[in-house]
Amino acid sequence: MDTLTPKQIVEQLDNYIIGQTDAKKAVAIALYNRYRRLQVPEKLQQEITPKNLLMIGPTGVGKTEIARRLAKIVNAPFVKVEATKFTEVGYVGRDVESMIRDLLSVAVSMVEKEKIEEIRPEVRRDVDKRLVKLLAPGAKKEQKKQTNADFMGMLNDMQEGKNLGSIFGDPDSVDEDPDNNAEVSDEVRNQRLSVKEQLDKGLLEDEEVTIRVEESKKVGPMDDQMGQAGLDMSNMMEQLMPKKTLKRTLPVKEARELLIQQESQKHIDHDEIYQKAIDRVENKGIIFIDEFDKIAAGDKKTSGEVSREGVQRDILPIVEGSRVNTKYGPVDTDHILFIASGAFAESKPSDLIAELQGRFPIRVELQDLTEEDFIQILTKPDNSLTKQYVALTRADGIHLTFTKESVEEIAKIAFELNNSNQNIGARRLSTVLEKILADILYEGPDMQMGDITITREYVREQVGKIAADQDLSRYIL
Ligand SMILES: Nc1ncnc2c1ncn2[C@@H]1O[C@H](COP(=O)(O)OP(=O)(O)OP(=O)(O)O)[C@@H](O)[C@H]1O
Ligand SMILES: [Mg+2]
């Protein structure tokens with residue numbers, strides 16, 4: 001099975017998100033339902049539309065964090081977009097359909113990567129053969145000298161539109177196949193055998209070779225616009241312009257990777273990749289729309305701004321199911337899963353236009369975080385704030401440790417500040433921690449601090465000065 005069960009998804013999220021069990025479960029079920037649907041007979045599949053999810057909860061309690069983590073654990077095309085980025089059709093800005101195009105781009109790279117992995121052993125064999133030749137080239141043949149007599153011939157060639165490069169010759173050229181203008185003597189052949197053996201054993205990985213690499217293509221600003229019209233602009237340009245190649249000298253291990261990437265492209269049927277990617281987007285794609293509350297018209301005094309309701313009306317058909325043109329072909333959005341999320345502090349879900357509300361039947365609320373949650377957030381995740389600071393100060397040769405009591409104190413202070421000032425959730429932890437560590441972060445590089453233990457007393461001392469003054473703490477913590 002290529003998908004995680006709901007329980008496994010929650011377990012994965014548990015590594016990073018503290019609390020919020022309901023939200024994690026709801027998301028996990030929604031994700032797993034995609035898999036369930038694909039197991040039923042195809043005719044019925046069409047009838048089963050995804051139950052889109054709306055996550056609601058105060059600021060700084062993990063909504064966006066869940067999305068960020070999901071991106072890493074779902075084995076499906078996934079994009080996270082901010083509703084605030086979109087503007088109504090006809091206005092300057094991103095139109096809502098761009099989220100489908102983004103999703104498809106993700107799917108295309110995903111499918112392409114899988115394909116490259118699949119053919120890798122075969123391609124690698126070819127590439128290694130080439131590397132052997134580059135490491136043990138044959139003796140160069142005498143290059144033909146250009147003489148005056150050739151000049152007329154050259155003009156003739158020019159008139160016939162022949163490739164000039166071949167006439168002028170390129171003294172620096174590195175041939176695709178070094179054998180093209182080299183003689184392979186028995187000696188060279190033997191040499192190559194031994195080079196091959198060494199290469200296979202991994203002994204030549206740091207040896208340098210010079211290869212030609214194709215310049216990576218640049219995506220022009222027009223690309224997105226043209227995508228809307230279903231045109232593949234960059235591809236069209238690419239076909240019009242000659243491919244530029246650059247000469248690079250690299251260690252074997254890096255050269256091999258580049259050559260494998262380059263060589264794989266020749267073995268890949270791109271139309272097949274695009275078709276597969278579209279299919280995957282249509283059946284497994286997930287779009288996380290963050291800041292969804294910002295397009296709900298809470299107050300009506302938004303004239304002059306881009307209409308929020310307009311954006312909602314543009315989003316509606318995509319969520320309901322429609323056909324979106326992309327440069328790879330049309331995409332049906334009927335079965336794409338949407339997870340929307342927002343604090344809904346100044347607006348309510350019921351401020352959304354009714355049709356859109358109806359498209360997000362599953363609502364789940366995230367809870368305010370407790371002091372105990374703060375302690376966990378500070379210490380438990382692999383990337384927790386305290387772990388980050390411990391790692392960062394290592395750069396100054398500092399060995400930082402936090403006592404259990406100091407962490408409790410930080411959590412307590414953050415919690416109280418949230419109550420007395422504005423509740424900004426777990427974001428408060430970083431502002432508090434930054435203040436506590438300010439002296440160490442400032443002086444660390446100039447002093448040999450060695451081992452530093454952050455104690456409860458130290459925390460109190462650092463924060464005490466500021467926290468005592470309500471007005472001051474409002475701005476600083
Ligand atoms: N439940 C949690 N578990 C672990 N870390 C959390 C949690 N909630 C918040 N955090 C931390 O706080 C930061 C802010 O949280 P996040 O971006 O998820 O807020 P949000 O719920 O999206 O708020 P907003 O509505 O303002 O966008 C995160 O980067 C994360 O480090
Ligand atoms: Mg957020």
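Pro-381 and Tyr-16 are 365 residues apart in sequence, yet their C-alpha atoms are 4.8 Å apart in space. The loop that holds Pro-381 runs between helix H15 (371–379) and helix H16 (385–394); helices (H or I, at least four residues) and strands (E, at least two) are DSSP runs numbered from the N terminus. For Pro-381 the count is 19.

A word on what you are looking at. This is a predicted model, in which local features need pLDDT of at least 70 and side-chain atom pairs count only at pLDDT 80 or more, while totals for chains, interfaces and linings use all residues. Residues are numbered from 1 along each chain as its sequence is written, with chains lettered from A and ligands numbered from 1 in the order in which they are written.

Stepping back, the protein has 21 helices and 13 strands. Of its 477 residues, 29% are buried. Among contacts with a separation of 6 or more, 81% are between residues 24 or more positions apart.

Gln-20 sits in the loop between helix H1 (6–14) and H2, and its phi is near 55°, a positive value in a residue other than glycine. Gln-20 is buried, with 25 other C-beta atoms within 10 Å. Within helix H2 (residues 21–39) you will find Arg-37, which counts as partly exposed with 19 C-beta neighbours inside 10 Å. Apart from neighbours within four places in sequence, Arg-37 is in contact with Gln-45 and Ile-48. Thr-49 is twelve residues from Arg-37 in sequence and 8.8 Å from it, C-alpha to C-alpha.

Glu-291 also has a positive phi, near 55°. Its place is the loop between strand S7 (286–290) and helix H13 (308–320), and Glu-291 is partly exposed, with 17 other C-beta atoms within 10 Å.

Where does ligand 1 lie? Domain 1 (6–107 + 276–365) and domain 3 (371–476) both give residues to its shell, so ligand 1 lies between them; the domain bounds come from an automatic or database domain assignment. The ligand is surrounded by 16 residues, the closest being Thr-59, Gly-62, Lys-63, Thr-64 and Ala-426, and a residue is near when its C-beta atom, placed from the backbone, lies within 6 Å. Helix H4 (residues 63–73) gives the largest share of this shell, three residues.

In helix H18 (residues 427–436), the residues Arg-428, Leu-429, Val-432, Leu-433 and Ile-436 are buried. Down the axis of H18 these buried residues fall within an arc of 125°, so they line one face of the helix; the arc is that of the directions from the helix axis to the C-beta atoms. In H11, the buried residues are Val-252, Ala-255, Arg-256, Leu-259 and Ser-264. They fall within an arc of 160° around the axis of H11, so they too line one face. What covers them includes helix H5 (98–135), strand S5 (208–214) and strand S6 (245–251).

Conventions: Buried ≥ 20, exposed ≤ 12 C-beta atoms within 10 Å, placed from the backbone. Contact = placed C-beta atoms within 7 Å.
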